[in-house]
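Please take this chain apart by question and answer.

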Amino acid sequence: MRFVRRQAAREDGCNMKRIKLEICNGLMAAAITRVLEHTEGFSVIRGASLPADVLLMETAYDPGFTMGECLAKAKLLRSRSPECKVILLCDENSAPELARQVVQAKKDGRIDDFVYSSVSESYLTALLSAL
């Protein structure tokens with residue numbers, strides 16, 4: 001009986017991964033949104049109060065997206081929604097020091113995973129599917 005209910009939920013689209021994006025680069029945000037909206041199994045969440053399964057957040061040197069601010073948001077999110085996974089996105093080529101900090105945050109358990117902005121669309125969707 002349980003299996004039947006889960007199968008029905010999938011057919012209704014209720015089992016889609018809800019991805020919340022916090023990306024400072026507008027072009028990158030649009031591209032990631034397009035990829036996720038055109039990939040089966042994902043739904044992009046818009047709106048601060050809506051629950052998400054994954055927060056994909058860019059860290060950069062821009063105000064509102066610094067490493068400290070991103071880690072503070074991650075900590076707050078984990079206290080409110082411990083089931084939501086936190087993934088940091090960064091540009092390892094233009095910000096290698098920031099990339100090292102992201103790796104350390106993963107090692108310290110402050111985020112669930114990270115991804116570099118140079119990865120392919122298929123890698124990003126595979127990573128999100130595996131969470």
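Q: Which backbone oxygen does the side chain of Lys-17 reach at 3.2 Å?
A: The pair is a polar contact (N or O atoms within 3.5 Å; within protein, one must be able to donate a hydrogen and the other to accept it, and residues adjacent in sequence count only if both atoms are side-chain atoms). At 3.2 Å, the side chain of Lys-17 reaches the backbone oxygen of Ser-129.

Q: What pLDDT do local features need?
A: Residues are numbered from 1 along each chain as its sequence is written, and side-chain values use heavy atoms, leaving out hydrogens and water. This is a predicted model: totals for chains, interfaces and linings use all residues, side-chain atom pairs count only at pLDDT 80 or more, and local features need pLDDT of at least 70.

Q: How many strands does the chain have?
A: Helices (H or I, at least four residues) and strands (E, at least two) are DSSP runs, numbered from the N terminus. Along the sequence the pattern reads α-β-α-β-β-α-β-α-β-α. The helices number five, and the strands also number five.

Q: What does Lys-17 touch beyond four places in sequence?
A: Contact means heavy atoms within 4.5 Å. Lys-17 touches Gly-41, Phe-42, Ser-43, Asp-53, Leu-128, Ser-129, Ala-130 and Leu-131.

Q: How many salt bridges does the count give?
A: Side chains of opposite charge can pair when their charged atoms come close. The salt bridges come to five.

Q: How far apart in sequence are the parts tied together by Asp-53 and Arg-18?
A: The two side chains form a salt bridge at 2.8 Å, N to O. Asp-53 lies in the loop between β2 (42–45) and β3 and Arg-18 in strand β1 (17–22), so the pair ties parts separated by 35 residues.

Q: Which helix holds Arg-34, the partner of Glu-121?
A: Glu-121 and Arg-34 meet in a salt bridge of 3.7 Å, N to O. Glu-121 lies in helix α5 (121–130), so the pair ties together parts 87 residues apart, and Arg-34 lies in helix α2.

Q: What is the relative accessible area of Asp-112?
A: Asp-112 and Arg-78 meet in a salt bridge of 2.9 Å, N to O. Asp-112 is in the loop between α4 (96–107) and β5 (113–116) and Arg-78 in helix α3 (67–80), so parts 34 residues apart are tied together. Arg-78 is partly exposed at 25%. Asp-112 is partly exposed too, at 23%.

Q: Which element supplies the largest share of the lining of the second largest pocket?
A: A pocket is found on a 1 Å grid over the protein atoms alone, as an open set with protein on both sides within 12 Å along at least five of seven lines; lining residues have an atom within 4 Å of a point. This one holds about 200 Å³, and its lining includes Met-28, Arg-34, Tyr-116 and Glu-121. α2 and α5 each supply at least two lining residues. The largest share, five residues, comes from α2.

Q: How far apart in space are the C-alpha atoms of Leu-77 and Leu-55?
A: Leu-77 is in helix α3. It is in contact with Leu-55, Pro-82, Cys-84 and Val-86, leaving aside neighbours within four places. Leu-77 and Leu-55 are 22 residues apart in sequence, and their C-alpha distance is 9.0 Å.

How values were computed: Salt bridge = Lys/Arg side-chain N within 4 Å of Asp/Glu carboxyl O. Buried < 20%, exposed > 50% of the residue type's maximum accessible area, 1.4 Å probe, protein only. 1 Å grid on protein atoms, 1.4 Å probe; cavity = no way out; pocket = protein on both sides within 12 Å on 5 of 7 lines; lining within 4 Å. Points joined across faces, edges and corners; volume = space filled by probe spheres on them.
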